[in-house]
Amino acid sequence: MNKIIGFCFLFLPFFAVAQEFILNGDFEDGPIPFDFGHIHMADNWTHSCSYEIDQDGNQSTIFSTDLFDSRSSNPGVSIPSSLIATLPERTGDYRYAGFYRGNFSSPFFPKEHNEMLSGKLKAALGSGCYKLSFYAAARVSMPPRSDNNSDKSILDVYLYSDVFCNDKLKIYTTPSAVNDGSSWTKYEGSFSITPGQANLFTRIGFELREYNDLDLTRAVFVDEVSLTPTLMADAGPDRHICLGEYVELCANTGSAYAWNTGATTQCITVNPSVSTVYTVSVYDNLGCFSEDQVNVYVDSGTPYTIISYTLSTDQTWSSSLNPFGTQTISIRGEMVVPAGKKLEIKNMKLKFGPYGKVTLEAGDGINPGGQLILDQTTLTINEQDHCENRFWRGVRVEGNSAKTQDVSYQAALILRNNSRIERAVIGVGLFGVDNSGAAIAATSGGIIKATDSWFLNNRNAVRFIAYGQQGNINSVSSFVRCNFFTHASFPSGETPETLVIIEETDGVRFTDNKFAYLSSAPGKNDGISITNATATIDKGLAPSSDGNFFYRLKNGIYVNRQQNISSGQIDIQNNRFWDNESGIWITGTGANYLIRDNAFRSHYWPNNFRGIVSLYASGLDVIRNSFDNMDWGVELGHSSGFFQSNVYGNDFSNCFWSLLTHSNNDNLQVKCNTFRSPNDYTNFHWVNLGSVMLQDQGSCNSPSSPAGNLFEPSASKVNDILSLLPFEYFHHANTGSYPVVPDVKYPGQPALNACVFTFDPLNACDFIVNQAANISHSGAQHPQDVSVINREMIDKGISGLTPLMPQADSLHQRQPAKVRMEAILDKDHIRLSIHFPGKAIRTDRLEVEVLSPKVSQSFSFDLNAEGEQEFKLPLEVEEGLLLVKLFRKKDLILEELLFADQRF
């Protein structure tokens, strides 16, 4: 910034909160004076530039500028009994300063005295507008020999340097003589420093104006000196942009503005084609102005392979065979695959400028939509550009919103074999855009098929906009074993947003993907956001499929559906939600959700993490999920729609509140769940804060009709259920074998009704819960499938301890056995140690998956006798996440015992 400041002299005060430039403006700091001429005892104040002229015209320095202090032992210096004045200190803070100018004439020793009060500034003054204020009073005793001069006691204030007393700038003159008397007068004024004067002045000086009366001697006293800036224009830092980019320039706040472009607004938007200097003048409401300059540098010299490219024929590019002869190409602008054309790119890297993008054009029914296949290929930013910390525009896959998912009309993007889309505003948009970048509604419906690929550090990874006639057309887009990652090293000014956005597009499928914020704190972005649409989020059919994994996000899945928009089902099954603020958050009056066989887990306590939150939705089936170490396992509010909601067969362990119901939930059934709290984290398992009475829970019609919930006893647990309104709770007969009767906070709320049927694990619950033995990695919450419970009881915690549940015959016999996992990153390898409690658990195989911003790699091996293993990693790995699985062989089938994580 180069400051160019105009002059103004004003005698009205400015209001400003700014830096104070005067050091020790009230003269309080420093030793107490004991004699006249001790102004130097006020820190940073001196008599500098005072002088005396004798009868021969010779000038010499004098030392008589005075510091008055009521604590001084010298009565001539002390206040208020001074020999020179009877003026009290202005604020009662002990001190003020005094100086004089006079002509003492006699036949023998005529002399002229001129004392200057000189103070040091905290820093040299830069160009700008400033406000000066101080208090002054004139001599009130020792009357002058004559008193008839009109300019007596007029005070001038100067700025000057430490060295040159004569190179001074007058910044203020009192409008009239400083009044005689015993009280103080405040003086204020404003002045400007030009760029040519900037950094010249380091001192302030007070001096009485010269006058002609040889017999007149005047003294003036000063206190509370203040100097602050009131207006300094600032157009912001110099900017670097790419050719064609727009940038907004803003000045700091003022009353009026004038840019060298002719604009008179505080902010202007420019897109220079060459580097340009922009100047702004900022005015205050009193007419003072200040100017600043900002340079906008246009990147026009960075080498790009091509400016833009449009495919003319079907082509296949590889690292050794492509039109550009190199494995890596850079593209400043747009790359287009027109309708009727197909491009396959293998093992290459394409780097784009900040306004670069890829467009796949929609088909017209004669020419099919453009098709792009990425095979082990990366699309990212051009890091050599001056705008390397800015996102590019991403891939736009155009379609026809009125047509089905037929490639005759819809463009298609296929990613496979470790392909990557990185650092884009929207990595893949399934729609076209206009010149301003806004989505064109009629071009929705593009297709994406992504397998074993990456979406890394995009603001949004993928976005679908409204397609079809509100559910009449299903998308065929899918994501299988892909990584959607963000981490802390985002470009300046950028923040991660929702990874995948689905707006009014039904049928998108997600299978075995990972959505994660790979940083030390949970992210503020969502994994998948679904608005008025359906989707399937599930695991694959292969035995090794793990489902989707949501890690350290704000919401793993966020759903907002209205009943009259989308009536299809959202399937969320066989997934893992770890350390998210909320695993699944559902709002809106839509219905028909199946949330089954998922694991919700937090490794931190205390926390504010929730498993499932549903507000206003109905037809919600929460079945065979596990909730470990959560603040809220399930929170339901207003689930009173036409369709019944069910919380069936879930396992709640170590949750502060396992189940929270509030508002109107009169169409809700809570059955066959297991509520356990071995660590006594909670006083209540089920809290009902409803404003409408909850419907009766269960009945006594058949052996599977009672509520069938199990409540694990705990020594310090107060109650299992707290309800503010009464309802009927039907339970199995209490035989002592299973804890089927809940403790309630308020008797009658609920009212407990015993049925004649005893609790039989094989028949106590309906068929939905009894299917638990068929699932592979989560959910079974009742004793009929103890093995599934075993492999779900995980709580690594801050200490790194992971409890596993050994085999047991009943709920009461299961106690955690500790397994400790340690992972140490050492240059190019990780050393992993698994420590078992004696021989409590034997493993047949260990699988480790490494997740980091640059590497996703799996390892499978046996532990050595010491329970340790080491494996190599690529050198670029600096941080990440280990996902560890332990298996044992049971009936010739590998059974998963442990799924845990460890950051490195």
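The points below go through the disulfides, two further cysteines and then the salt bridges of this predicted model.

1. Let me begin with the disulfides. How many disulfides does the structure hold? There are three.

2. Cys-250 is joined to Cys-267, with an S to S distance of 2.0 Å. This pair links distant parts of the chain: Cys-250 sits in strand E16 (residues 247-250) and Cys-267 in strand E18 (residues 267-270), 17 residues apart. The angle about the S-S bond is 115°, and the link of Cys-250 and Cys-267 is right-handed. Are these two cysteines buried or partly exposed? Cys-250 counts as partly exposed because its relative accessibility is 29%, and Cys-267 is likewise partly exposed, with a relative accessible area of 29%.

3. Next comes the disulfide of Cys-672 and Cys-765, whose sulfur atoms are 2.0 Å apart. Here distant parts of the chain are linked across 93 residues: Cys-672 is in the loop between strand E60 (668-671) and strand E61 (674-676), while Cys-765 is in the loop between strand E66 (751-758) and helix H1 (767-770). With -110° about the S-S bond, the link of Cys-672 and Cys-765 is left-handed. Both Cys-672 and Cys-765 are buried.

4. Cys-700 and Cys-755 also form a disulfide, and their sulfur atoms lie 1.8 Å apart. The two are 55 residues apart and link distant parts of the chain, Cys-700 being in the loop between strand E62 (686-689) and strand E63 (710-711) and Cys-755 in strand E66. Which hand does the disulfide of Cys-700 and Cys-755 have? The torsion about its S-S bond is about -80°, so the disulfide is left-handed. As for accessibility, Cys-700 is partly exposed at 32%, whereas Cys-755 is buried at 5%.

5. Two further cysteines have accessibility values worth noting down. Cys-482 is buried, with a relative accessible area of 0%, and Cys-655 counts as buried at 1%.

6. Now for the charged pairs. Side chains of opposite charge can pair when their charged atoms come close. The count of salt bridges comes to 19. One of them pairs Lys-168 with Glu-207, the closest N and O atoms being 3.3 Å apart. Lys-168 lies in the loop between strand E10 (155-160) and strand E11 (169-173) and Glu-207 in strand E13 (residues 203-208), so this pair ties together parts that are 39 residues apart in sequence. Lys-168 is partly exposed at 34%, but Glu-207 is buried at 7%.

7. In the salt bridge of Asp-452 with Arg-481, the closest N and O atoms are 2.8 Å apart. Asp-452 counts as partly exposed at 32%, as does Arg-481 at 42%.

8. Arg-463 forms a salt bridge with Glu-503, with the closest N and O atoms 3.3 Å apart. Strand E38 (residues 460-464) holds Arg-463 and strand E41 (residues 500-503) holds Glu-503, 40 residues apart.

9. Finally, which residues are linked in a network of salt bridges? They are Asp-69, Arg-71 and Arg-95.

Technical notes
Residues are numbered from 1 along each chain as its sequence is written. This is a predicted model: local features need pLDDT of at least 70, side-chain atom pairs count only at pLDDT 80 or more; totals for chains, interfaces and linings use all residues. Side-chain values use heavy atoms; hydrogens and water are left out. A disulfide is a pair of cysteine sulfur atoms within 2.5 Å. Helices (H or I, at least four residues) and strands (E, at least two) are DSSP runs, numbered from the N terminus. Buried means under 20% relative accessible area, exposed over 50%, partly exposed in between (1.4 Å probe, protein chains only). A salt bridge is a side-chain nitrogen of Lys or Arg within 4 Å of a carboxyl oxygen of Asp or Glu.
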